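Hi everyone, thanks for coming. Let me put the structure up, and then we'll walk through a few of its contacts together.

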Amino acid sequence: MNVASRSARPASRRLDLAAGRVDLTHGAGGRAMQQLIEEIFRPALDNPFLARGDDQAAFDVSAGRMVMSTDSFVVSPLFFPGGDIGSLAVHGTVNDVAMSGARPLYLSAGFVIEEGFPLAELARIARSMGEAARAAGVAVVTGDTKVVERGKADRLFVNTAGIGVVPAGVEISGDRARPGDAILLSGSMGDHGVAIMAHRAGLEFETTIVSDSAALNGLVADMVAVMTDIHVLRDPTRGGLAATFNEICHQSNVGMRLDEAAIPVKPEVLGACELLGLDPLNVANEGKLIAIVPAEDAARLLAVMRAHPLGRDATVIGEVVADPARFVRMATRIGGERIVDWLAGEQLPRIC
Amino acid sequence: MKHLDEYRDAEMARRLAAAIAREARTDRRYRLMEFCGGHTHAIFRYGIEDLLPSNIEMVHGPGCPVCVLPTGRLDMAIRLARREDVILASYGDMLRVPGSKGQSLLKAKADGADIRMVYSTLDAVKLAEANPGREVIFFAIGFETTTPPTALAIEAAARKGLTNFTVFCNHVLTPSAIAAILEAPAIRELEAVEIDGFLGPAHVSVVIGSQPYEFFAEEYRKPVAISGFEPIDIMQSILMLVRQLNEGRAEVENQYIRAVTRDGNLRAKEAVSRVFELRRDFEWRGLGHIPYSALRLKDEFAAFDAERRFDEPYIPTEGIKACECPAILRGAKKPTDCRLFGRACTPETPLGSCMVSSEGACAAYYTYGRMREAAQ
Amino acid sequence: MCHALPVKIIALTGPDTAKVSLGGIVKEVSVALIDDPRPGDYVVLHVGYALAKIDEAEAERTLALLAAEGSDAISEFSAAAEAAEAPP
């Protein structure tokens, strides 16, 4: 980001945040784009790195292993109960970094904005990102903005990348699940995906289903502080718990045995899933994690999780087993058995 | 959730399993067909067979409207959807079913055909109202449960004077399918399927009542238990059938008494008889040609009949040679008897309708139960 | 056959329409196929239409029959009935 000369800009040309819209000049790298950065992004994201106005952010790194992750966010609608694309973009990448056990430090944020996008919404999203970042203890230190013609982007796409530092002795990875390990879940399944899909399907709520979008790095820090030998951490986002567990089974070459009755699902989420013909295990979450640990450490870890606001409903939901076929098996509510499979293609609601 | 959670109770399931195990005689087998795809889905999703003794075998029936629709009819729908001025409205279930030449509605949509998924026939009527310059065709499928909604939509369109709304009607009838399964192989040229009793469909019966099944029980001496959808309903119905067979009875029993009566829903039946009449003949995937087994629009509703407005021929096609959907739909084979199952044919790459419909036996088995095959 | 759910009518919204609830999720559906629908009634919902009322008394009867399964009373009753019918 280049610093434009402040004295050359007349005060009357401030952005009309109430009624103005993004146009192609805002992405052209000139004065208009500078305005966008100075009047919307910089105040909202507010940190010394951005204030310098360089194209990059420079910082010292502590000793130890570093972790980096990136994610792009294309959620529609942009605003939903419990968050928006801005807070989601921060939480998503903070969580991806945190799932390695690392402490997230810095994020970048790239915006691809469709011509005509209301400035008021952009400002709202930027503020939401700033709040989410501050609450998570991270800073958005560098970014980029592009504007494309009408119809070339579905309103707004956001990419965030993040880096963090892994504490010494921590080796958390999807290939470390071992037969006999306990599987822990931090809370209820399906909240985020159902909040979005129910909204889109035009369902109303007596009790609004709220996305669980949240930064999990605080919870992870507490967990890692009490035990360094956590084998696997992952947040079940797109594809839900089913995708996450199948991925881990494949990476670690193991199977799993889950207990359906132990997996918490809110009644409203169950109701919406029934109406839409969805399985909560296939639905995205944005503020939950699973942990796989040696069985003897489960009780200790559970206590720490439950002491944290984002882990109050934490519970053991199953165990890792030896299985060359790498199935995720589940004891059903009524005592039978089924497998929990990856979802085939996009979820088309079951009607008939 | 009331009227739902009670029928998913673990303790109740345990006690029913014990009762079934106690009462199933060890000197015989019990081959019970669950007609309805929804029951097949529930059986696998809850693992109900794990709670049954090994001499009770569930045979999966053809009660899956997506599965029994012949490929030629789906091809017609795809051709209709590809027309310039057409918006094809369809339930989600049909979108991924493979038609001929690797086509499907979803692929046609990606190619530019205007295909919209709807939850209800009312949405299709609204589409027609909102797009007066376009032809809206509703792709109607389903057994008797789904037919009354189509009838009401056609009457609503008539009342509103819509001239751009038609229905491509593929509604089929349950008793015809049951008869086809039971009829002597000599007539049907299909191998005999040994079935001792039937779990009757829950929601078809809400509409048609329990009375239509009495013929089968009497004529063929096969007990029927009309069963609710939930796992406890299914287990209670299995227990009822076991008792009937032990006692040499062949009656129609209604387990789903909270929603099914002997006469069914008169309003629904009347709506259907106002709008539809029987087709002389209809081809079913897996069951061949069955007379008086399907519905078409009556002459007074000809203006709403897509087959009369649009000139699309029905070209019967054979499925992929190795595909065993036809035998699976009759209950003559199991999904694991099909060479393609789990290899070339999976939910991601379905070759037959039994795999793509979530109520098809192959899809249910693959998604929830294929670890059993691996264990053998 | 066919995916259908028990939902509760919470309000009538027109001559043929009603708002129904399942676990706190509300949807507007058609009740054109129901005789005398009322708030508080449970109905079976399929593709946007209520197909029948759920009969509360019959539901109670079903649960009572289920509760009796596997209880000692039933098996004693059956044993006694068999003994009474056994040929001399």
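Let's start with two helices of chain A, where A:Asp191, A:Val194, A:Met197 and A:Ala198 in α5(A) meet A:Val269, A:Ala272, A:Cys273 and A:Leu276 in α8(A). By "meet" I mean in contact: the C-beta atoms, placed from the backbone, lie within 7 Å. Helices here are DSSP runs of H or I with at least four residues, strands are runs of E with at least two, and both are numbered from the N terminus. The residues of this contact divide into seven nonpolar, no polar and one charged. For the classes, Ala, Val, Leu, Ile, Met, Phe, Trp, Tyr, Cys and Pro are nonpolar, Asp, Glu, Lys and Arg are charged, and the others, Gly among them, are polar.

A quick word on the source: this is a predicted model, in which local features need pLDDT of at least 70 and side-chain atom pairs count only at pLDDT 80 or more, while totals for chains, interfaces and linings use all residues. Residues are numbered from 1 along each chain as its sequence is written, and chains are lettered from A and ligands numbered from 1 in the order in which they are written.

Back to our helices: how do their axes cross? Helix α5 (residues 191-200) and helix α8 (residues 267-276) of chain A have axes that come within 10 Å and cross at roughly 50°. The axes are lines fitted to C-alpha atoms over the stretch in contact, with angles from 0 to 180 degrees between N-to-C directions. That makes α5(A) oblique to α8(A), oblique being whatever is left after under 35 degrees (roughly parallel), over 145 (roughly antiparallel) and 65 to 115 (roughly perpendicular).

Now the domains. Chain A is divided into domain 1 (15-166) and domain 2 (182-339), with bounds from an automatic or database domain assignment. Their C-alpha centres lie 28 Å apart. The contact takes 21 residues from domain 1 and 23 residues from domain 2. On the domain 1 side, α3(A) brings the largest share, eight residues. By class, that side has 13 nonpolar, seven polar and one charged residues.

Finally, the chains. Chain A gives 21 residues and chain B 33 residues to their contact, and strand β14 (residues 337-339) gives the most on the chain A side, with three residues. Where chain C touches chain B, the contact takes 29 residues from chain C and 37 residues from chain B. There, α1(C) supplies the largest share of the chain C side, six residues.
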